[in-house]
Amino acid sequence: MKMETPAPRMNGWEPNILAFCCNWCSYAGADLAGVSRFQYPPTVKVLRVMCSSRVEPAFILKALKDGADGVLVAGCHIGDCHYIDGNKNAEIRINNTRKALAKLGLEKRLRLEWISASEGLRFSEVIRDFTDEIKKLGENPVKEVKK
Amino acid sequence: MKGSVAVVGGGIAGIQASLDLADSGYKTYLIESKPSIGGVMSQLDKTFPTNDCAMCILSPKLVETGRHPNIELLGYSDVKSITGKAGDFKVKLIKKARYVDETKCTGCGTCTEKCPSKVPDEYNAEMSKRKSIYIPFAQAIPRVATIDAAHCLYLTKGKCGVCKKVCGPKAVDYEQKDKEIELNVGSVVLAIGFKPFDPSILKNYRFDHPDVITSLQFERLLSASGPTQGHVTKQSDGKVPKNIAFIQCIGSRNPRINRKHCSSVCCMYATKESIIAKEHDQELDITIFHIDIRAYGKNFEEFYSRAQKEYGIKYVNSRPPEVVVNPDNTLSLQYEDFTTGDLITMNYDMVVLSIGLDPADSARALAESSGILLDDFGNIATSIENPVETSVPGIYICGVAQGPKDIPDTVAQASAAASKAAALLCGERGTLIRERKFPDEKKLSPEPRIGVFVCHCGINIGSVVNVPDVVEYAKTLPGVTHAREMLYACSSDSQSTIKDAIARNDLNRVVVASCTPRTHEPLFQNTCREAGLNPYLFELANIREHCSWVHMKEKERATEKAKAIVQMAVAKSALFQPLYKQKVPLINRAIVLGAGVAGMTAAIDIANNGYHVTLIEKEKEPGGMLRDMTELYDGKKPADVLRDLIRKVSENRNIKFLNEAKLIKVEGYLGNFKGIVNNRGKEISVDFGVAVIATGARNLEPSGLFNYGKDPRIITQAQLEKMLGTGVSANTITMIQCVGARNKEREYCGRICCVDAVKNAIRMKKANISTNVYVLYRDMRTYGVTENLYEKARDLGVLFIRYDEERPPKVQGGSVVVHDIMLNEDIEIASDLVVLSTPLVAGENEEINQLFKIPLDKNKFFLEAHPKLRPVDFATDGVFLCGSAQAPKLIDEAISQASAAASRACTILSREFIETEGAISIVNEARCIGCGTCVAVCPYNAPSLYDVTVKVEEVTYSTKKSKINPAGCKGCGSCAAACPAGAITAQHFSSKEIGEAIDAFDKGVRSISIEKQIVEVMV
Amino acid sequence: MSNVQSCYQCGKCTSICPMRRVSKTSPRSSIYNSNVYGLETNGIWTCLTCGLCPMECPQQVDFLTFVREERQGKRPLEVAHLGVFTEFAELSSKLDGARHQKSDSEYGYFPGCVDQFGLFLHDVKTNFGEITTSSMKLLDKIGIKPQIMDMKCCGHDVLWQGKKDVFDRLKKYNIDHIKESGIETLITGCAECYRTFSKDYGLGIKVVHISELLDKLGLKINADVTYHDPCRLGRHMGMYDAPRKALTANGVTVKEMEHSKENALCCGVSSFMNCNEQTKALRIARMNEAEATGAKTLITTCSKCLAHFNCLKTEKDAVKKYDIDVVDLSVFLARQLEAGK
């Protein structure tokens, strides 16, 4: 049983961003953006993780490989981590991943942001800003490969 | 006796007390007069001295309180009276009409959006408007709407009625009435907080001018969720201010208006607010006008110092008497420059009044109705040795209602009050709580059968996202065997529908596409459990906060995004496996290290809660530093207090006291520690479930400072304290404060040295009024109610001379030369005694931190789990902290902390077993290579390496392997992201589960292959 | 195509298989199940592809090719480092890559994946980048100024992990890149790159492992070392003498381990697959052999062997501490070169 889901293509290309948000701060910040009705473009889909330190570099590479135009990793501000200093581990991993992506010219498609539970506006601004940047960069250059 | 407690006040103190009591097995009623719990802390932007986001740390506590099965939240209710006696109180309260049925309201917010009536918003300190039907703030608990009856058009004029019309679940009820309720409880904890001082009383500070605002208003201006989204702007013209003045002690340290107390927190919050404002706008010029800067707490002095050095915030020791409103409506302040004597006039764009903490109105009312005594300041009266006990046995007090204090001291007292209430009722523990029963879990068919429920949330989702379209799309997704829409997925009839659908369609995974899991996941998880599904087979797809509410004008694209969100949730859920919280047995015994005041108090409290305690003291005699003290600051004799404590320890059959003993080895974890104690050369093994560290601190010997040790006339404050026991005769005595503290080597403030100095100065004067007593100081830090000692000392003629850090006094024999910065002259004081006030320094903490693997701060004091909300916990579960081992503190504070540590310990000891988190990380032993990477990344010491002999076919070798202690793992998943061998699985957030969601996120780019999943199941 | 059908099930391969010592891996059984029933066995994934069994096979069955073909298009049982290197290779295979450009030198030097190792293996406390800088110093000393080749991953790991499609894309790009550069000799410091470019690419230009060039450095090093033959350089390519000569010609004494050259034991993890308690046993065995030589330095010419031995060395709270430095050949020589200056 293999499902082929038809891709509903929209007119014109719009960025497609995957955001890893930590449960305690940045996911809550995204929630607050919603509660406050801060509008931002529908270019981002949030994947909740308990801590930004859960994000494996391979997740980011995989998302880009699968065609994501940008990947955002968002965690608590340094010092605010629900798990004491998980975000510091995340910072090391994400920065290293960005350095690796630099070799491929994709480093601008990865962002690490600290967004607190009270920064709903900031969440929407980050998404808007990242979307604009991705628009400037254009579509993810990965070629679609027939399996 | 009743196994229940009423907690009055739902601020951080009431929340902490309730959680501790509920966790210890007592039915807890939390009564809050506002529509939501959270108190003043919910209004704060950040917290000093770490600048943690206040809401980030508070919100999880709100949610936990709201969903705790043993806590009954009585929001929007006022206590009228408390009668009865310890063990059997009647609490009368009025549950005010919300005009909204709490059981029906889903908190969707449609009513608020449509309500036409706008009123000043208290949450934003009246700097913005809210609606007449409202939810006070985004994270409010309970999340239900309340109608402000004073402003509602329908209730006041009989017109409008819009909210009732738009309310989908029909929750609005204009006929609702106030309801009187009487609770019968065993004990009462008062956590009624404070009232921010109203500065309009002080007319000269011109609070009527829009650019003169209170510190609480400024806090809201800084907050990203505030009226200006965190942009500091002038209320008069909306422009960005260029310079701001803070005026301290507005409503504090002012006997003229009957505010004799220091409010304890204003110096630090002004510093914090200044730093944050500077972080927002580096050009901003900020001046804080103060009397003394009271940076007395842990890391406060360092914070104060950073504010000056790194942020360039100016501190001026002078108090402007008024705010002058100039003819052009600008503001200016005039003040005396102490160093030059000049009067300086400065214009400021904005003036922030650092308002103090007044007793809450309800304090006096409760005192009158319930016979609880108040102190001179209008706080609920307590004593040094019983800091959380009111004059009525069985009624306890915590937080600012007992006296001004910061959040950690408040939280510690809250736990302390809980400990006392729990001890009183310990015979009734567990009698009034009930565990929720769920049916057995049904057997899962091997292939995923996913049910998708897409919520309209009235019009919140449905008006933007095409819900039927999303449902149709969901039906096409692999593994989905049932999909339907719902008007309100969270309403009670929808829960029945979901349960029914699970049964009829034999669903084994459930995805609800509605709102945020942070508030609604537990609800749906319970629904799944009621239908025989493991709660970890559930996933929420957030298409409201993350979709319909943020893409309101892009309906088509929002619908497409909603489909993608659902697809990700479906893909991930297909791999979900049932997870279980493991039950690990525990040893219901404690150890307490150190038998000073803190250690003995902790031991007594734990013992009074019914648990066995081993109290371990390295010295022969218990008592610690109290043994060398000769008077407490309220005049009591320490020997009496000590005798009483020792009697309680020796009489308590639950306490085993080991003197001349030292813990030398510990292994194990929360609930199951094994220790070895060396008791006079003999090794005794002690098994325990929790440990309390109360090893205290010691006085700094100021060798080399101010010629200490070279002349018998130069002594320390601790030595003077001891000498005063028998009497000291001296014509002139000079005390020097901050000796060996607040300097480069030891940056912190000693906290208690000012109180000690003032206390002993008073004793000298009382013994002989003609004795000349000088106190050379940098800032007098007699915070809170100890301000009255400072006042009394001045009344008695003690002379206080301020010196500057850069020009410290010089001591030569009995001669003290001090440069008086007010006079700008050197003064010589011929003294019979020179007393050096030195701070407490950390004791031998390095041995203990190794034993338990608990961290120390840079001054070698123990580092608590969180400086604000977990002041007596360690990040390592099952180990607690109290007294001066954490940082210097006064005896009453140490006692509060000790009871708090006992309370925290009892939340564990009261359990029959330790329940682990469900979604924790696990190690695949065969893949583990024992490299220890996981041990290095885990902040909780959950993974540990153990020795193992591996036999793989023909080869046998010794190695380490990692095991994750399920009781220690918090499920962050960091170790899984670090393990080079891929041996660790972060359950529920595994690489496979997340990988499937990543594959699904860009729907259409790759379809989900279901075969792969079936292979997984077979492997 | 492998000649697997010529297998007559004698089982010699299984008897000498290093994985059989620590697991149920049986090359014979893998061949049997595949040949007779067309069944996939775990053995095709636990195989280290160390190349020991084909050397002993009386029928000269090309087991390596068999394993590689069997793995095609299937999902590996275990990939170490959470698959980050595979994801990186796959991602880069789908991108255009650096622009091809003409080389100024007739030599090209390809550093391999050391940069990514440095970023994603930071726990093993090894400066992988030093392999590149060292190689450049040494080449400079012998008068070679190569063009550093800005290519994609050679594709070794993905090829052996069964992702031939990814490998083919990487290979196509790299071949074009090399052709466009016009170099005549491709130098690499990595045993896996060397094997892949030599055997799996068909480049038509000279491929050289750096150890072949280092015997003329003229260093006088007074040191005892032992040398670990990586599977790829040794049995796969038959290059046993060049690295030894690069050491001895510069004064170094090489103390051989109990198993060396054709019989060398594997470090335990090839192609970043199967890092587990079974392969750890192999790693321990190899390190013990190295230690038994009495040498204080273990030299190797494969950055994965380097990482894996250093992983064992840097274990937190290890049962056994190894007092032996594990160093890449070029790094060892370049450090001596610097020290002698």
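## Sheets and interfaces

In chain B, strand E17 (residues 285-290) and E18(B) pair in the parallel sense over four bridges, where strands are DSSP runs of E with at least two residues and helices are DSSP runs of H or I with at least four residues, both numbered from the N terminus, and where two strands pair if DSSP finds at least two bridges between them. Within this pairing, B:His290 stands opposite B:Asn317 in E18(B). This is a predicted model, in which local features need pLDDT of at least 70 and side-chain atom pairs count only at pLDDT 80 or more, whereas totals for chains, interfaces and linings use all residues. Residues are numbered from 1 along each chain as its sequence is written, chains are lettered from A and ligands numbered from 1 in the order in which they are written, and side-chain values use heavy atoms, with hydrogens and water left out.

The two strands belong to an open sheet of five strands in chain B, ordered E15-E22-E16-E17-E18, with parallel pairing. Strand E15 (212-214) and strand E18 (314-317) of chain B stand at the edges with a single partner strand each, so one side of each is left without a neighbour in the sheet. On average, and with direction ignored, neighbouring strands of this sheet are turned by 25 degrees against each other; the axes behind such angles are lines fitted to C-alpha atoms, for helices over the stretch in contact, and angles run from 0 to 180 degrees between N-to-C directions.

Elsewhere in chain B, strand E20 (residues 331-336) and strand E21 (residues 343-348) pair in the antiparallel sense over six bridges, with B:Leu333 opposite B:Met346 in E21(B). E20(B) and E21(B) form a hairpin with six residues between them, and B:Gly341 in the turn has a positive phi of about 80 degrees.

Chain A has an open sheet of four strands in the order E2-E1-E3-E4, again with parallel pairing. E2 and strand E4 (110-114) of chain A stand at the edges, each with a single partner strand, so one side of each has no neighbour in the sheet. The twist averages 20 degrees from one strand to the next. E1(A) and E2(A) run parallel and are joined by six bridges, and the partner of A:Leu18 in E2(A) is A:Lys45. H2(A) packs on the sheet, touching E1, strand E3 (70-75) and E4 of chain A, and its direction makes about 150 degrees with that of E3(A). From chain B, helix H15 (residues 555-573) lies across E1 and E2 of chain A, running at about 30 degrees to E2(A).

How many residues does chain A bring into contact with chain B? Chain A contributes 62 residues and chain B 69 residues, contact being heavy atoms within 4.5 Å. The area buried between them is about 5,800 Å², of which carbon and sulfur atoms give 60%; buried area is the accessible area (1.4 Å probe) that two parts lose on being put together, summed over both. A:Arg37, A:Pro42 and A:Arg54 supply 12% of the area that chain A buries against chain B, more than any other three residues.

The contact of chain A with chain C takes 20 residues from chain A and 18 residues from chain C, and about 1,900 Å² is buried between these chains, 67% of it on carbon and sulfur atoms. Three salt bridges are counted between chain A and chain C, and five across the interface of chain A and chain B, a salt bridge being a side-chain nitrogen of Lys or Arg within 4 Å of a carboxyl oxygen of Asp or Glu. Over all chains the count comes to 107 salt bridges, and the table gives some examples.

| Residue pair | N to O distance |
|---|---|
| A:Arg48 and B:Glu521 | 3.2 Å |
| A:Lys65 and C:Glu87 | 3.0 Å |
| B:Arg504 and B:Asp500 | 2.9 Å |

B:Arg504 and B:Asp500 both lie in helix H12 (residues 492-504) of chain B, four residues apart, about one turn of the helix.
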